[in-house]
Amino acid sequence: MTSAPTTRTAPPSTPLTDLAWLGSHAAARLPRDVRLAAGGPLVASIEAEISRLRTLAEGAAGALTLRDQATAREEGVAPAVLEELSESGVEAYALRADGDAASIIGDGRGLLHGFYAVVLGLAGPGSGDWRVHAPAQAIRMLDHWDNMTVHPVMGQVERGYAGGSLFFEDGELREDLTRVEHYARLLAAVGINRVAVNNVNVHAHEATLLTTRVDQVARLAEIFRAQGISVLLSVSFASPVLLGGLETSDPLDAEVQRWWRAAADAVYDRIPDFGGFVIKADSEGQPGPFAYGRDHADGANLLARALAPHGGEVFWRAFVYNHHQDWRDRSTDRARAAHDHFAPLDGRFDDNVIVQVKHGPLDFQTREAVSPVIGAMPRTRLAVELQVTQEYTGQQKHLCYLAPWWRENLAFPFGPREGRGQDSRTVAQLVAGSGQRLGGVVAVSNVGADEFWTGHPLAQANLFALGRLAWDPELSSERILRERSEATFGTDPLVSEVLHEMLAESWQLYESYTAPLGVGFMVRPGHHYGPDVDGYEYTPWGTYHFADRDGIGVDRTVATGTGFAGLYPEPWASRYESVATCPDELLLFFHHVPYTHRLHSGKTVIQHIYDSRADGYEQVLSLRPRWEELAGKVPPALHARVTTLLQEQERSAEEWRDQLRTYFFRASGIPDETGRPIY
Ligand code: GCV
């Protein structure tokens, strides 16, 4: 799908005090007395961070001791603590907090995580006992959809709403990478451990990052390495042809295999800890194995075998569907596509392949079902893909704190699947994996060269929350909101209260005035901002709502529809199949119903559409007066930016309200029983 070009902005020289959650409030939390008794490559980064934070604020009363495991052992820390720590993986740390004295033990990345946890106040209140903290997900990765040049349609950052790329400018790596250093620290502080630096739609110029421009990747890798983060590259499946001059990219061709091995060897010569490749194949015009009659396991294993000798991994995206669909064809269902392509391949992927699955079967909608692929591949390493950049959720112009949505997804329990002997397991547990076969969470970044990093300054909350939920999917979205607000804005109760009120349920608010009851889309084609009920209705993209004078929704039942509901294990297959048990918020995702159908809420579908759009807009109007109360309490430039964006949110929410209410009145002829205006 296409979008308007992203506006390009030069990176401003950011005052250090504006560094999101690593500014003066975090600095004020760092104990004044720090003892660092550890070795290893990341210790210099901790020292540098301490020095930097000291320039921002005096620090808190109290003491912090940071030790590696060897030192802690020499100094007599209980062996049971050290044993638990070493069994908890390389990123774990042990923390003991007692009054204003805190002590952390960890090696390398573990120590770094512990340090940031203290600075940001993430570890919770101390009890005086040692507690070991370890990430629930081994993979906690951000994908950047950054182009090196400004793409004529997609701009420099595809689906980017925060200015140009932090990494690239005018087709090359930026000269000044200071902002990237800051960014790496922000990510490390919330636990991110992998970053893919370029767009999954790999254009010809960007494809050369794999070969002739690999030095640019090496420079980025050096910066991220200092924060314990490894760097990955999105590559084109057609690289052997595009870059190597071969006649084919067939994964079973020996010369193609040799080419990928040589390419990977050369990358590892420059970047010994390179993370691996991300790949979008046979999707939205990207090349892939289908051209050679091969499947996605053949394609993924080709790259995996080139990376395996170096310990690299392939993130192979499951976002594969027919984007040339005929809207007249009611048998094709885009929601089925990833499952149809990938579930049969379970067990065929090499150990260093991670299949990266969008959380929903469609495309990062405000509401959609959980992807059934996640429950259908028990013998495959998986990562669930979330979208921090707000493509369909207000484009960093609307407030939309996504943590509650992600949390709901991660907590979705797949039931036992016949013949597979599994107990009910959540999405978070399924992707986490076990043993050597670990997966995790991958998300599309929302950051750019904008001075507030994310366009809407309050959209930083989503980046923070993504890191936190990847670390621990059971954290409450409200707790994460409080952590971020205190680390960034301090503990003024009014600031915390207003931010909480504006953000905590902003996703539900956004949902209330946009596409109803899980039907999705209804956005302007191309750029995906603002309402256009029929915008995608007769297009080839496979995203339809089928509204007519009688009803609306997509019949995805087994009995009369596309059969998609049957791709879930029980109890979900039956629950979604029946209108009586399908949850209201997904009703139109699974069913085509008359406007007079009564929801569990007691309202008819049509009255729900009328009411929630009108009520949602009224609620949006209450945001600006609350934000006004923070004038003088947050930096003036940030206050002004948010005020301007709230005005845009009001304008846009009004447009959504009026277009949807009017459209469905004209379609159904049923009046709004409240008599509110319709045009
Ligand atoms: C990077 C959606 C977006 C595209 C994006 C694609 C993807 O279709 O609109 O811009 O392309 O998802 O996830 O690959």
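**Figure 1. Proline 571 in the loop between β22 and α19.** Proline 571 belongs to the loop that runs between β22 (551-552) and α19 (572-577). In this predicted model, the peptide bond joining glutamate 570 to proline 571 is cis, with omega at about 10 degrees. Most peptide bonds are trans, and most residues other than glycine have a negative phi.

**Figure 2. Tryptophan 453, a residue with positive phi.** Tryptophan 453 is not a glycine, yet its phi is positive, at about 75 degrees. The residue is placed in the loop between β21 (440-444) and α15 (460-471).

**Figure 3. Glutamate 284, in the loop between β13 and α11.** The loop that holds glutamate 284 lies between β13 (276-279) and α11 (296-307). Phi of glutamate 284 is near 45 degrees, which is a positive value in a residue other than glycine. The side chain of glutamate 284 has an N or O atom 2.8 Å from an oxygen atom of the ligand. Glutamate 284 is also among the residues closest to the centre of the largest cavity.

Figure 4. The ligand is surrounded by 14 residues, of which Glu158, Lys280, Arg317, Lys358 and Glu391 are the closest. This shell consists of eight charged, three polar and three nonpolar residues. Lysine 280 places a polar side-chain atom 2.7 Å from a ligand oxygen atom. In the side chain of lysine 358, an N or O atom is 2.6 Å from an oxygen atom of the ligand. The accessible area of the ligand on its own is 340 Å², and the protein covers 100% of it.

Figure 5. The model contains nine cavities of 30 Å³ or more. The largest cavity holds about 130 Å³ of space. Its lining is formed by 16 residues, with Trp145, Glu158, Arg159, Lys280 and Glu284 closest to the centre. By class, the lining of the largest cavity comprises eight charged, five nonpolar and three polar residues. The ligand sits in this largest cavity. Glu158 and Lys280, listed here near the cavity centre, are also among the residues closest to the ligand.

**Figure 6. The largest pocket and its lining.** Rolling a probe the size of a water molecule over the atoms shows where empty space is left. The lining of the largest pocket is made up of 12 polar, 10 nonpolar and eight charged residues.

How values were computed:
Residues numbered from 1 in each chain as written. Predicted model: local features only at pLDDT ≥ 70, side-chain atom pairs only at ≥ 80, totals over all residues. Heavy atoms only, no water. Near = heavy atom within 4 Å. Polar contact = N/O pair within 3.5 Å; in protein donor to acceptor, adjacent residues only side chain to side chain. Areas by Shrake-Rupley, 256 points an atom, 1.4 Å probe, with all protein chains shown as cover. 1 Å grid on protein atoms, 1.4 Å probe; cavity = no way out; pocket = protein on both sides within 12 Å on 5 of 7 lines; lining within 4 Å. Sits in = over half its atoms within 2 Å of the grid points. Nonpolar A, V, L, I, M, F, W, Y, C, P; charged D, E, K, R; others polar. Points joined across faces, edges and corners; volume = space filled by probe spheres on them. Helix = DSSP H or I, 4+ residues; strand = E, 2+ residues; numbered from the N terminus.
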